[in-house]
Amino acid sequence: MQFLPRKIRPSILHILVFVFFLILICIYVFSTGDTSMLIWGIPTLICLLLIPMGLTYISQSQYSDLIPVYETTAKDVKIREINESMISKPIKIEGLVEEVRFKSLNRPHFIIGDRTGVTTVKMFTNPQNDINKGDVVEVYGQVIKRYIFYGDPIVNGVDIRVTRSNVKSSPSSASKGKKR
């Protein structure tokens, strides 16, 4: 039984903030000799990692509960058909990942294209699978405006799955399978 719905890990930004404040606390303690700072400093440092990870866990569990709903209610559309009249409606698109942004911040944005157009898929949590440029994916999500009140319609991704991967077997892994 899997306790966590997905891998929970802090983003690089959270780790940098943790390290920054760890260094500040260490400098203070070593320069002043005041170890009472550690009484609240250590729990604060722990919270700097645990709170974002807890929020990620909550977000991922909410999204995993939504996946079956989107699988049954999402309308299969082509990217060029996405428009403002579809805002807040569940959709399913298939396409090629042309670019991946903000992957290290645990809030990836994917530029997805099919033969009819290109759109952005924003995910507010890490997807279950590792998605890379060149993968052919299936996206379940909801149409939203790029910015809260204005902007072109884009997709708020609930689930993204690789249907065909761009990963090519390396020569070293291919030769390992052969017997000599």
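**A walk through the model**

Everything here comes from a predicted model, in which local features need pLDDT of at least 70 and side-chain atom pairs count only at pLDDT 80 or more, while totals for chains, interfaces and linings use all residues. Residues are numbered from 1 along each chain as its sequence is written, and side-chain values use heavy atoms, leaving out hydrogens and water.

Back to Ser 59, which you'll find in helix H2. Helices (H or I, at least four residues) and strands (E, at least two) are DSSP runs, numbered from the N terminus. Leaving aside residues up to four places away in sequence, Ser 59 touches Phe 124 and Thr 125, where contact means heavy atoms within 4.5 Å.

Now follow H2 (residues 37-73) to its partner, H1 (residues 12-32): the two pack at an angle of about 175°, and their axes are 10 Å apart. Axes are lines fitted to C-alpha atoms, for helices over the stretch in contact, and angles run from 0 to 180 degrees between N-to-C directions. That angle makes H1 roughly antiparallel to H2 (over 145 degrees; under 35 is roughly parallel, 65 to 115 roughly perpendicular and the rest oblique). Among the residues making the contact are Phe 18 and Phe 21 of H1, with Leu 45 and Leu 48 of H2.

Next come the strands, which count as paired if DSSP finds at least two bridges between them. With E1 (residues 75-76), E2 pairs in the parallel sense over two bridges, and Asp 76 has Lys 92 as its bridge partner in E2. E2 and E5 run antiparallel, joined by seven bridges, and here Lys 92 stands opposite Tyr 140 of E5. E2 also pairs with E3, in the antiparallel sense over five bridges; there, Val 97 has Ile 112 as its bridge partner in E3.

Ile 112 leads us to the largest nonpolar core, which has 17 residues. Such a core is a set of buried Ala, Val, Leu, Ile, Met, Phe, Trp, Tyr and Cys residues joined through side-chain atoms within 4.5 Å. Ile 112 is one of the residues touching the most other members, along with Ile 91, Ile 93, Phe 110, Val 121 and Ile 160. Strands E2, E3, E4, E5 and E6 each supply at least two residues of this core. Apart from it lies another core, of six residues, including Tyr 63 and Tyr 140.

Key: Buried < 20%, exposed > 50% of the residue type's maximum accessible area, 1.4 Å probe, protein only.
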